[in-house]
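Please read this note with the structure open beside it.

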Amino acid sequence: MVTKKQLEQAMDQRFSKEVYEKFKQAKVCIAGLGGLGSNIAVMLARSGIGTLKLIDFDMVDITNLNRQAYRIEHIGMPKTRALREIIGEINPYIKVETIQAKVMGENLEKFFAGETLVCEAFDNPEYKAMLVNYLLERQPKTIVVSGSGMAGVGSSNQICTRQKMKRLYVCGDGESDAYAGMGLLSPRVSICAGHQANMLLRLILGETES
């Protein structure tokens, strides 16, 4: 078993002490643990983020394996539980909070009150809009990093990070949706997830430019 001290020493070799301390003290809430959210959580765990709050209602399905962080052994398992296990294999000393529930209008305050960094990673446009609008309108201290447009095999250079509002960053190409014969594939989904994870790290370090 790798000790906490050994992991922290390894992190210190990759970051300055100041940077690693900021990551270790940070908390990120991820809403939606599909292709975006599961990969973002893994990236943040590898970066040494101290606390991850994971929210999703769904179970791992065989159709998820082409782009999400899960493995065959996780099929049928709640995504929150499966992702907690994956993160534990990367760094068992990260604090992982999980909520196994569907985000609805009536539980938004309960689930997101007090969160300063929220990663929106839903695949349903209606739920995306519901969450983003609520956080921007009702929680003035919350910064949102959202994903939109990553389907197909278009140029990866089209995926970027844009600051849409003072507290809203949107990653993706903003256009490409899944359609018959061309769905969501791992490369572009992972690239978009990387943009979201990187923007979250930048925000933790106080860098607000997209």
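The numbered points below go from the strand pairing to the residues.

1. Basis. This is a predicted model, in which local features need pLDDT of at least 70 and side-chain atom pairs count only at pLDDT 80 or more, while totals for chains, interfaces and linings use all residues. Residues are numbered from 1 along each chain as its sequence is written, and side-chain values use heavy atoms, with hydrogens and water left out.

2. Strand E4. Helices (H or I, at least four residues) and strands (E, at least two) are DSSP runs, numbered from the N terminus. Strand E4 covers residues 117–120. Leu117 and Cys119 point one way from E4, Val118 and Glu120 point the other way, and all are buried. Buried stands for under 20% relative accessible area, exposed for over 50%, and partly exposed for values in between (1.4 Å probe, protein chains only).

3. Pairing of E4. Two strands pair if DSSP finds at least two bridges between them. Strand E1 (residues 27–31) runs parallel to E4, and 3 bridges join the two. Glu120 in E4 is the bridge partner of Ala31. E4 also pairs with strand E5 (residues 143–147), in the parallel sense and over 4 bridges. Here Val118 has Val144 in E5 as its bridge partner.

4. Crossover. Helix H6 (residues 125–138) forms a right-handed β-α-β unit together with E4 and E5. A crossover is right-handed if, with the strands pointing away from the viewer, the path from the first strand over the helix to the second runs clockwise.

5. Leu203. This residue lies in helix H7 (residues 186–204). Why does Leu203 count as buried? Its relative accessibility is 11%, so Leu203 falls in the buried class. Contact means heavy atoms within 4.5 Å. Leaving out residues up to four places away in sequence, Leu203 touches Leu117, Ile143, Val145, Tyr169 and Thr208. From Leu203 to Ile143 the separation is 60 residues in sequence and 8.8 Å in space, C-alpha to C-alpha.

6. Gln100. Strand E3 (residues 95–100) holds Gln100, which counts as partly exposed because its relative accessibility is 37%. Residues up to four places away in sequence aside, Gln100 touches Asp56, Phe57, Asp58, Pro78, Lys79 and Thr80.

7. Polar contacts of Gln100. A polar contact is a pair of N or O atoms within 3.5 Å; within protein, one must be able to donate a hydrogen and the other to accept it, and residues adjacent in sequence count only if both atoms are side-chain atoms. The side chains of Gln100 and Thr80 are joined by a polar contact of 2.5 Å. A polar atom of the Gln100 side chain also lies 2.9 Å from the backbone oxygen of Phe57.
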